[in-house]
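Let's walk through this fold together, one feature at a time. Have the sequence and the model open as we talk.

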Amino acid sequence: MGTTITVDLADDLPSARLRELADDVVAWMHEVDDRFTTYRAESEVRRFDRGEVLLSEASADLRFVLEACADLWGVTDGFFDAYATGGLDPSGFVKGWAAQVASDRLLAAGAANHYVNAGGDVRARGFSPTGEPWRIGIRHPFDEMATCLVLAGTDLAVATSGVYERGRHVLDPRRGAPASGLRSVTVVGGDLGVADAYATAALAMGTAGIGWLDRLTDHTYAVVTDDARQFHSAALPLTT
């Protein structure tokens, strides 16, 4: 899906086992890419969008993603819309969901201390190799060499949606035009797919997204506006 995946495994396991676990993550992410990429005409999501694959014929993963996107459309009052561009594009959920599944699989396999980063969407569990909580830097949206915030924790799903790399690629589905007002949105929760979708939805809302994020009881957030103002939840797990 045009992004980079990194995995950091911090458990004291044999090197062969660590390699096996890392290879499993890579294989899963390639499977997701093959199925959900919108960049290749032969992917399942593109074939489904063209009507070449019926819902009854779709994979379990595609059916799950379609259902999740429909639920998220309702929860976000339509601002998370997998059809915002006209065709089906669930990428705003899939990247985070795929990394969340990878993390869940690592946990089930006995790797309780790990960090999965899918293009800036991070699922961190347990402790880092130093024995300290994982530290997650949030890139400054006006300076690619700087961070604007650093988070720390032992069980974090951190998703960021912004316009500083791909331009204004997120559409306001109500106006049918690129969203404006917010330059980056970071959402922190317990499920990376949901956090990813919420970050995308808030970015699509523009500055009204700040108030919407404030009303979420089970997530925290940080935003940077187009005019460089910063806002964040009081409970955001910040560190120095």
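A: Before we start, a contact here means heavy atoms within 4.5 Å. Helices (H or I, at least four residues) and strands (E, at least two) are DSSP runs, numbered from the N terminus. This is a predicted model, where local features need pLDDT of at least 70, side-chain atom pairs count only at pLDDT 80 or more, and totals for chains, interfaces and linings use all residues. Residues are numbered from 1 along each chain as its sequence is written, and side-chain values use heavy atoms, with hydrogens and water left out.

Q: At what angle do H4 and H5 pack?
A: Axes are lines fitted to C-alpha atoms, for helices over the stretch in contact, and angles run from 0 to 180 degrees between N-to-C directions. Helix H4 (residues 91-108) and helix H5 (residues 192-205) pack at about 155°, with axes 7 Å apart. H4 and H5 are therefore roughly antiparallel to each other (under 35 degrees is roughly parallel, over 145 roughly antiparallel, 65 to 115 roughly perpendicular and the rest oblique).

Q: And how do H3 and H4 cross?
A: The axes of helix H3 (residues 60-75) and H4 come within 10 Å and cross at roughly 120°, which makes H3 oblique to H4. Asp61, Phe64, Val65, Ala68, Cys69 and Leu72 of H3 make the contact with Phe93, Val94 and Trp97 of H4. By class, there are eight nonpolar, no polar and one charged residues in the contact of H3 with H4.

Q: On to the sheet. What is the strand order?
A: Strands of a sheet pair through backbone hydrogen bonds, either parallel or antiparallel. Here, two strands pair if DSSP finds at least two bridges between them. In this model seven strands form an open sheet in the order S1-S2-S3-S6-S9-S10-S11, with antiparallel pairing. Its edge strands, S1 (5-9) and S11 (230-232), each pair on one side only. From one strand to the next, the twist averages 10°.

Q: Which helices lie across it?
A: Helix H1 (residues 15-36) lies across S1 and S2, at about 155° to S1. H4 lies across S1, S2, S3 and strand S6 (155-162), at about 20° to S3.

Q: How many bridges does S3 make with S2, and how many with S6?
A: S2 (residues 114-118) and S3 (residues 121-125) pair over five bridges, with Val116 opposite Arg123 in S3. In their hairpin, which has two residues between the strands, Gly119 takes a positive phi near 60°. Four bridges join S3 to S6, and Asp155 in S6 is the bridge partner of Arg125.

Q: Is S3 buried or exposed?
A: Buried means under 20% relative accessible area, exposed over 50%, partly exposed in between (1.4 Å probe, protein chains only). Five of the five residues of S3 are buried, so S3 is largely enclosed by the rest of the structure. Asp121, Arg123 and Arg125 point one way, while Val122 and Ala124 point the other way.

How values were computed
Nonpolar A, V, L, I, M, F, W, Y, C, P; charged D, E, K, R; others polar.
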